[in-house]
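Dear colleague,

Please find below the structure that I am handing over to you, together with its sequence.

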Amino acid sequence: MPVKGWCPGAWAPMMAEDGLILRIRPRDGRLTAAQTQGLAMLARAEGQARVGLTSRANLQMRGIKPERHAALLKRLAELGLLDADEATETARNIVVTPFWQENDGTLELAQALAEALPNFPRLPGKFGFAIDTGAEPALKGVSADIRLERHGTGLRVRADGAQTGEDVTLETAIPRMKDMAEWFLAQGGRRMRDLFPGQTAPVFTPPPGVCEAGTLVAFAFGEVPLETLAQLGEIRLTPWRMVLLPGVKTPPALPGMILNAADPSLRVFACTGAPNCAQGFAPTRPLAQTLAPHLPAGRTLHVSGCGKACAHPAPADYTLIAGPDGFTQNGQGLDPEALLRHPGLVFGTE
Ligand code: SF4
């Protein structure tokens, strides 16, 4: 049944002004070429133009008609992109490093954890796991409560926020993660980090472009045009709202792909805004796209449909907030006509 509330899934979508929001959790954070193509066709059939990338390395569809939900689940199941039931989907909150390599054990560990989770104790809804066992750590700054990391030539299970963990093997890693989950519940916390205050991990966000594992591809507002999704081939999802094309060193030129870390679109944040969000006072993304080319180098811009600031809770260099009387910047009203003629006004450059 569709439900209201955050952290929607495919089984339990969230109702928004424009219809249902579904999040799809591909197993191990990867899709085959057949799955990307099939998902693009499926989304197109539902009237979509894009699929969103989330910070949990999931995919998001929105604006789905409630009466289409059951048929959509059936199609997702046929593509191998749906868990058996809602409880399994909710529990399988695992982020896997996209930089895993064949035979490094990462996939086996992620799959073993997914299989073991039904036997874990019932955990809070947002409680999650990170399998960060690539050659280099990549997920330290990504939200997760129990982490499996490399330590020297071995493995270590670590509670989020703790400076040290417990050394484990391929065989003992998952049982120790279960022990840690049980210990966490006995402490009565909501998130593991509550039990280890004061420790913050540096945020790591790799730049788009060719990297050792292939090519990282970003998209404006983290939304992949369907015609591009259909042609990407095999992809791995990342928690940085980018996709990794594994092993691809010469990426195809497809609409919407951003491979240049200096692209100003990567420094522009805009929520869904009106009319899709009921709280939105104005559309946000058209204005954000108009302003993006004029954004000074190294600066960030946030265009928000209301004061809730969903798209970028942290401060930005320039922030425009829509209200009942239009957009304001630093509490001052902005003339929408003047903005379109002189976008540099927002940045003090004209
Ligand atoms: S910031 Fe406001 S308008 Fe934008 S998505 Fe959040 S609630 Fe909706």
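The notes below cover the domains, the contact between two of them, and selected local features.

Please bear in mind throughout that this is a predicted model.

Domains

The protein chain is divided into three parts: domain 1 comprises 14-88 + 204-246, domain 2 comprises 100-135 + 142-195, and domain 3 comprises 264-347. Taken over C-alpha atoms, the centres of domain 1 and domain 2 are 25 Å apart. Six residues from domain 1 and nine residues from domain 2 take part in the contact.

The interface of domain 1 and domain 2

Together, domain 1 and domain 2 bury about 690 Å², and 44% of that area is on carbon and sulfur atoms. On the side of domain 1, Asp28, Arg56 and Arg236 account for 66% of the area buried against domain 2, more than any other three residues. The residues with which domain 1 touches domain 2 comprise two nonpolar and four charged ones, with no polar residue. Which kinds of interaction were counted across this interface? The number of salt bridges between domain 1 and domain 2 is zero, whereas three residue pairs are in polar contact there, with both residues of each pair at pLDDT 80 or more.

In the whole structure, the search finds 15 salt bridges. One of these joins Arg62 and Asp18, whose closest N and O atoms are 3.0 Å apart.

Trp183 is in helix α5 (residues 173-187) and Phe196 is in the loop between α5 and β11 (209-211); the two residues are 13 residues apart, and the pair links distant parts of the chain.

Backbone features

Most residues other than glycine have a negative phi, and most peptide bonds are trans. Ala274 and Pro275 are joined by a cis peptide bond, with omega about 0 degrees. Pro275 lies in the loop between β16 (268-270) and α7 (285-291).

Yours sincerely

Definitions and conventions:
Residues are numbered from 1 along each chain as its sequence is written. This is a predicted model: local features need pLDDT of at least 70, side-chain atom pairs count only at pLDDT 80 or more; totals for chains, interfaces and linings use all residues. Side-chain values use heavy atoms; hydrogens and water are left out. Domain bounds come from an automatic or database domain assignment. Contact means heavy atoms within 4.5 Å. Buried area is the accessible area (1.4 Å probe) that two parts lose on being put together, summed over both. A salt bridge is a side-chain nitrogen of Lys or Arg within 4 Å of a carboxyl oxygen of Asp or Glu. A polar contact is a pair of N or O atoms within 3.5 Å; within protein, one must be able to donate a hydrogen and the other to accept it, and residues adjacent in sequence count only if both atoms are side-chain atoms. Ala, Val, Leu, Ile, Met, Phe, Trp, Tyr, Cys and Pro count as nonpolar, Asp, Glu, Lys and Arg as charged, and the others, Gly among them, as polar. Helices (H or I, at least four residues) and strands (E, at least two) are DSSP runs, numbered from the N terminus.
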